[in-house]
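I'd like to walk you through one model, so let me put it on the screen.

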Amino acid sequence: MKLRRIRNIFWWLLVVSILTISIFLALASPTSPTAIASVTHLEAAPGEILYRSQTKLDDQSGHVWQVVLFKQIYPGQNTSVNLRLVGFPNSAELIHPQPLKITTASGKVFTASDVFLDEAPAPTIGQYNFQNILPQLPNEPLQLAIPLPGQKSINISVPYPVVLEWQEVMRDE
């Protein structure tokens, strides 16, 4: 009888331990992927500088997009700031030229013009002029809406840390 009681206690402790560990592991894992971007500085030639923030974000359907904000500086020319969106396999084909709609968390809406007036390098690539928009964006999460045929759009949420990196790219000289 005593041996049976010890076995029961052992099994209950084992079950409780496994459940406790499972709960802690479930709480430790994030429910949504964390976006990690990085700002890089490249000098292709003397005076030609490229600042870039690059990350991967999911759209509302779970398709992954590479999101690259970059600023190009050429000697004697105007600086350009663009946002490039590159869809991974199974992403929707984008239509050009169509503007990108940017909505802030506070509800302000901006529109970025499509850089590809006729045809993009690939059907899942879009690039938009952020030269005048980026300085106006508040430091808060954003929603990007990429237009599709038939009044539909692809929505990509841009988290706050990525927006901060975009602001850093804008400040770098």
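Before I start on the rings, here's what I count as an aromatic pair: rings of Phe, Tyr and Trp, with the six-membered ring used for Trp, whose centres lie within 6.5 Å. And keep in mind that this is a predicted model.

So, how many aromatic pairs does a search of the whole structure find? One. That's F130 with W166, and it's edge-to-face, at 5.9 Å centre to centre and 90° between the planes. The pair links distant parts of the chain: F130 sits in the loop between β7 and β8, W166 is in helix α2, and they're 36 residues apart. Both F130 and W166 are buried.

Those two also turn up in the largest nonpolar core. That core has 31 residues, and F130 and W166 are among the ones that touch the most other members, along with L83, L85, L100, I102 and I146. Elements giving two or more residues to this core include β2, β3, β4, β5 and helix α2.

Let's pick one of those leucines. What is L100 in contact with, leaving aside its neighbours within four places in sequence? The list includes L83 and L85, then F110, Y128, F130, L144 and I146.

Now to β3, residues 64–73. On one side, β3 pairs with β2 in the antiparallel sense over 10 bridges. β3 also pairs with β4, again antiparallel, over eight bridges. You can follow that through L69: L69 in β3 is the bridge partner of S53, and L83 in β4 is the bridge partner of L69.

K71 is in strand β3. Is K71 buried or exposed? It's buried: K71 has a relative accessible area of 1%, and the cut-off for buried is under 20%.

Note on methods
Residues numbered from 1 in each chain as written. Predicted model: local features only at pLDDT ≥ 70, side-chain atom pairs only at ≥ 80, totals over all residues. Heavy atoms only, no water. Core = buried A, V, L, I, M, F, W, Y, C linked by side-chain atoms within 4.5 Å. Buried < 20%, exposed > 50% of the residue type's maximum accessible area, 1.4 Å probe, protein only. Helix = DSSP H or I, 4+ residues; strand = E, 2+ residues; numbered from the N terminus. Contact = heavy atoms within 4.5 Å. Pairing = 2+ DSSP bridges. Phe/Tyr/Trp six-rings, centres within 6.5 Å; stacked < 30°, edge-to-face > 60°.
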